[in-house]
Amino acid sequence: MLEVRDLHSYYGDAHVLHGTSLEVSPGEIVALLGRNGMGKTTLIRSIMGLTPPTVRSGEVKWKGETITGLKPHEIASKKIAIVPQGRRLFSSLTVTEHLTMLKSPRVKEGWTIERVFDAFKRLGERRNHRGNQLSGGERGMLAVARALMQDPELILMDEPSEGLAPVMVQRLEEVIIDLGKTGLGILLVEQNLYSALDAASRVYIMETGKVVHSGTTAALKADMSTVERWLGVHGG
Amino acid sequence: MNLFQVLNGVTFAALLFIVASGFTLIFGLLRIVNLAHGALYLLGGYFGYSIASWSGSFAIGIAGAMAGIAIFGLLLEGGLLRFVRGHELRQVLLTVGVAFVINDMALVVWGGDSFTVPIPDFLMGAVQIGPVFYPKYRVFVFGAGVLVFVLLWLLMNKTRLGVMIRAGVDDAEMVEACGINIRKIYLWTFLLGAALAGLGGVIGGAFLSLYPSADAEILVFSLAVVIIGGRGSLPGAAIGALLVGLLNSIGQVMFPELAYFVIFGPMAALLAFRPLGLFGKTA
């Protein structure tokens with residue numbers, strides 16, 4: 001469904017992605033792992049059409065159609081949503097406004113504000129709070145809910161568990177697994193290895209702008225030397 | 001300071017709010033310091049003067065000036081500014097250039113004389129407010145300022161377009177990543193801001209009169225209002241306008257030689273403690 005082929009992205013003259021390739025199928029949760037600064041966020045931004053970085057060669061295909069070079073809102077309207085690094089909620093919008101901005105409350109198809117508040121009870125209780133008045137966990141939930149309001153078929157999640165307490169990480173993991181069961185594809189960038197391994201069925205590992213390992217989660221769990229090599233603190 | 005001078009300050013503030021609200025919307029969302037905003041004000045005033053004189057109707061003058069300046073703003077944003085998006089210095093230089101061009105063209109068309117937009121009979125004369133008789137027209141200006149504030153507040157808080165504009169002020173890239181065409185939002189906001197400058201031109205042109213340097217004067221006041229209030233904030237623009245309007249009255253009455261200092265001195269002091277203005281937020 002999503003195919004990234006030999007992508008080369010640059011920040012100015014800095015060559016960050018060196019021919020990255022990966023795939024995500026419908027309903028599949030795929031984890032993208034790697035140490036800091038290896039190009040994971042650059043890859044997410046390149047898929048979403050956000051600049052910088054600039055994509056100089058390679059392509060991103062979505063359902064067989066090339067979407068490289070499209071504007072972010074055009075890519076989003078093809079039902080690809082993003083939960084960006086750092087959440088990036090709108091600090092002057094209430095929880096409700098985050099959701100109604102993307103879909104009129106009169107629309108009853110797909111994800112509605114009622115369905116979001118049903119799935120994330122806490123957000124319903126906080127509906128009149130602004131983006132900057134929420135706790136870390138609530139912020140994470142709202143970032144996911146905002147993506148869901150676009151009725152996506154694929155969500156790019158960039159470190160959704162970043163900065164969350166362990167109990168919230170686990171709650172978020174359950175949400176992600178549940179979403180995967182509804183047929184949604186998820187590309188999950190994670191620092192938190194174990195959370196990623198619980199949720200995902202396949203794993204890619206990136207190192208300096210390239211995919212250096214790909215395989216099933218089960219295989220990776222059985223092969224801790226690969227984990228240690230590419231993700232370990234002392235690895236290399 | 002007597003009541004008359006306070007009322008003058010408050011009614012001037014209402015005009016400043018109308019002009020500065022458009023300025024702050026554009027500054028907040030598009031991150032453009034639109035130095036042509038004063039020129040749009042003056043051009044709006046001239047449009048209003050010509051249309052009102054020709055049609056004999058103040059209301060048609062206002063409508064015509066707002067529509068004309070909105071179209072002008074559309075051309076400016078869609079035809080010029082979009083090519084320098086993200087380059088602050090180029091945007092500033094471009095808007096300064098446009099301001100010069102508008103000024104010179106206005107001089108060609110309307111000449112260097114000063115004009116006053118004709119107002120309807122029912123706004124002439126005075127009403128008694130407490131111990132003073134006060135011009136009806138200036139009371140109308142105050143009402144117009146309040147009305148614009150209420151309408152803009154409803155737009156920003158009760159419509160999806162307004163919510164998108166506020167979201168764009170916070171994080172425009174994220175709005176785009178959510179599937180909203182931010183370019184359209186930019187265009188609507190610029191159009192609205194320009195129309196408000198045009199409205200201000202007609203309203204101000206009826207009591208401050210229109211002359212070739214009126215644009216620079218209103219621009220300087222608007223800049224002060226927006227800097228004090230904080231970029232992109234409507235309540236900030238309202239409070240900033242009240243402060244600047246009242247300080248301007250105080251300055252003119254008590255320290256005529258230092259009239260500008262009375263406005264910009266406190267502004268500098270405020271910025272020393274709140275660099276982003278009263279309601280300003282980091283980008």
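I began with terms: two strands pair if DSSP finds at least two bridges between them. Helices (H or I, at least four residues) and strands (E, at least two) are DSSP runs numbered from the N terminus.

I noted the ground rules. This is a predicted model, where local features need pLDDT of at least 70 and side-chain atom pairs count only at pLDDT 80 or more, while totals for chains, interfaces and linings use all residues. Residues are numbered from 1 along each chain as its sequence is written, chains are lettered from A and ligands numbered from 1 in the order in which they are written, and side-chain values use heavy atoms, with hydrogens and water left out.

**Sheet, chain A**

I looked up strand E1 (residues 2–11) of chain A; E1(A) pairs with E2(A) in the antiparallel sense over 8 bridges. Leu7(A) stands opposite Thr20(A) in E2(A). I then read the order of the open sheet of 4 strands: E2-E1-E4-E5 (chain A), with antiparallel pairing. Strands E2 (14–24) and E5 (65–66) of chain A stand at the edges with a single partner strand each, so one side of each has no neighbour in the sheet.

Helix H1 (residues 40–48) of chain A lies across E1, E2 and strand E4 (54–62) of chain A. H1(A) runs at about 110° to E1(A); the axes are lines fitted to C-alpha atoms, for helices over the stretch in contact (heavy atoms within 4.5 Å), and angles run from 0 to 180 degrees between N-to-C directions.

**Pockets and cavity**

I worked on a 1 Å grid over the protein atoms alone: a cavity is a set of points where a 1.4 Å probe fits but cannot get out, and a pocket is an open set with protein on both sides within 12 Å along at least five of seven lines. Lining residues have an atom within 4 Å of a point. Grid points are joined across faces, edges and corners, and a volume is the space filled by probe spheres set on the points.

The largest pocket has a volume of about 940 Å³. Of its 41 lining residues, those closest to its centre include Thr51(A), Arg85(B) and Tyr186(B). H6(B) gives the most to this lining, with 7 residues.

The second largest pocket has a volume of about 540 Å³. Among the residues closest to its centre are Ser92(A) and Lys281(B).

I found 1 cavity of 30 Å³ or more. The largest cavity holds about 50 Å³ of space. Its lining includes Leu99(A), Val107(A) and Met149(A).
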